[in-house]
Amino acid sequence: MSERVWMAGLFYPAPLCVGVLVLEQYSGGGFTLPLGFLLALGFGSAVGFGLLRHPVWEGLGLVLLTLAVGVPIAYGPAAGEGWLGLSVGVLVGVPFLWLEFAWREDVSPGVRILALQSTFVAGIAFLAALATPGSPTGDPAGWQFLNSLGNALANQVQGGADLLSGTAPGTLPLEAAFNPVFVALGGVALVALVLSWISPRTALDEPLPWSWFKFPLSPTLAVPLSDGLELRDGQREALATRTRSSSPGTVLSPGFGSLLVAGLLVGAFLGLASVVPALALLGLAVATAAAMIGVARVLSRRLTPLGGLAG
Amino acid sequence: MASSRVVLSPLGWSVIVGGMGALLIGLVTLNLLLLILPISVLALATTELLAFDWTTRDFGPSWFRWQRFENSSQVRIDGVGSMAIDLEMVGPGPIYAEVFDPQPDGFEVVLGSPRLLTWWSASSPVRLAYVYRPRQRGQFRVGPTIVIAHDPLGFGFRTAKLENRWEVLVTPALSVQEASTVVPLGPRGPSEAFRRRVGAGTEFHSLREYQSSDDVRKIAWRRSGLDKIYVREQEEEAHPEILILLDTSRDMRLGPPGKEALEQAVEGGAVLAGQAIRGHDRVGLLVFSDRVSEFVPPQRGSEGALVLTEAFGRIRLAPTPFDLAQALTLAQERLTVPTTIVLFSTLLSLSGPLEGPVGALRTRGHRLVAVCPQVGTLFPPAADPVAARTLQFALAPVQRQVDLGVERLRAVGVPVLTYAAPEVREATLELHAWTRSWGELG
């Protein structure tokens, strides 16, 4: 299997897990909900792995999926069990449409972070919908799920507004949504995302030499050192003794220290959040502000005349 | 201590902006998993950046000692040059370093590399060495060497410029083509044949029958009889000294970069100088636009060749118009013996009266001949008919202006040789043969 399949394999399980949980609770023996989910999963994967790269097919697929979600929802319960099941199936599989941006190495890190985060948000929202009561029994299962999802999101917004206005929030469904399997699989995806940057590289994303990576030698010896070049002995010696790329002698890559510190900071936050959640949030706000101020100071330091291209 | 600031790379910006966006989403939901992701990312990025800033806090030229060695300062256009730099890190280090010795576009590295990407600890010196082939004549500057300290994760970098610029003069190659292939031999052998011709000189050459157009003062009365009348023919001394007058005005910019009219003129001048030196003639160079840029008095031999080669290498365009009258006046002031002045110019904008300066040259025994490229041939042929017509349309007024210049020179008795730009070498060889034999100029 290729490297990108391995990479994608680390990101797929979390949204798959949520999809399976929703299917388990709402499919009710019908085939349209799994069909919708598989359609979204299949289309997203086909695009992500480059099997379906033609803009016309991509556009057509997106339009059809949008119609599959939007039209039954517009008709409400009157759309019928089958169509609403298809709609919910596609909706639950929607994260696979952008999941490729989380694992593709040619995408910028910021986009990868946001793609993974939005996949997590969708997963958490679906998990919250599973735990939130929906419409009365008797309605189609798909409609019940959509109602639950709507209620969860509405409650979250209300809770957030309460927090901002200083009153105690009633419920925060997204905050409360928790599934240990989803968290574990999400953690795997997060680690995969972060580890993919850890190999040393330049600002232009060119690999830097290090001991675990077979670094290509400098582009040299384009022409064999022949007598035809009429070089002096000193010039020949300088060429023969020029420095080649070398990697650090340490076992761990430079930059590993930062990873370790980041891991410790996350651990500390988790520890604090489990004991005093409010203090953890306060600490997070303070730490974020301090970090940003520190970075801003580093970047805004005045140039001295001797250094820097802009000098 | 002098240091440069940390520059955040696009990768670094992307991680921080993405992390902040994800944090915002996390704060809206307050879900722990959705907070962990941005915290992880931001903690990693900020820790790495702050650590990099701290470990390289004094990074700058003061971190290094450097020395250039085995560097070529003068390279022939058909040769190769060499550069070598030893760098030693006296700063704390170690760092991921990118060392780069910037090259002019006119150089092509053929061996070694001007760039090195390596892990660099303070104890080990770094040597950069490479060989390049110049593609263009002129004066070039190599360096300053740039050292970039890279943050290992690519989030940021620092840059230091090491002031070690090096000047390289790329000279044209003086032609050494066999003179015998272009010089017609006379009855007195190669050394004399091209120096003398029948003309308005003072030494007796031979007798021939009188023709109605001959001056009666040339009749050799003692040799003439009733049936035949003879006239004396005198030898005219040719001009073994050559002065190459090279126009470097803005009009010489015509043509694509690297193959402008100026470069054609330099190539032609170098060929002419080479041929003259090979034939043991004295040859000089006057580089002129509206003032003298350089003057090399006529000289011969290998030392002369060296001086001329360097002078040809230094020639560059001037942003001023060409003043031929002034150039000729200054040339005649500097020349002590009758000389053939070979003007390389586009003749695009000849201003002012020329009769006076050209007449003054003749009075002192000098001769002037002009060599001018055909404007259309300075540009490569267009790929399609539309482009070809456009180019033709654009060059038409230029060509008319050049034709006017050619006519003006010819009107004052100056021979003008026009050539197709790619054939400047052949045209110059023909011209050189002509200067030696005083035959018809093609």
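This is a conversation about a predicted model and the contact between its chains A and B.

Visitor: How are residues and chains labelled here?
Guide: Residues are numbered from 1 along each chain as its sequence is written, and chains are lettered from A, with ligands numbered from 1, in the order in which they are written. As the model is predicted, local features need pLDDT of at least 70 and side-chain atom pairs count only at pLDDT 80 or more, while totals for chains, interfaces and linings use all residues.

Visitor: What does chain A average in pLDDT?
Guide: The average is 83, and 88% of the residues score at least 70; pLDDT is the predictor's confidence in each residue, from 0 to 100.

Visitor: Where is the pLDDT of chain A below 50?
Guide: One such stretch is residues 214-223. Where pLDDT is low, the predicted coordinates should not be read in detail.

Visitor: At what angle do α8 of chain A and α1 of chain B pack?
Guide: The angle is about 15°, with the axes 7 Å apart; axes are lines fitted to C-alpha atoms over the stretch in contact, and angles run from 0 to 180 degrees between N-to-C directions. The two helices are therefore roughly parallel, a term for angles under 35 degrees.

Visitor: Which residues of α8(A) make that contact?
Guide: Among them are A:P109, A:L114 and A:I124, which face residues of α1(B) including B:L11 and B:T29.

How values were computed. Two residues are in contact if their C-beta atoms, placed from the backbone, lie within 7 Å. Helices (H or I, at least four residues) and strands (E, at least two) are DSSP runs, numbered from the N terminus. Angles under 35 degrees count as roughly parallel, over 145 as roughly antiparallel, 65 to 115 as roughly perpendicular and the rest as oblique.
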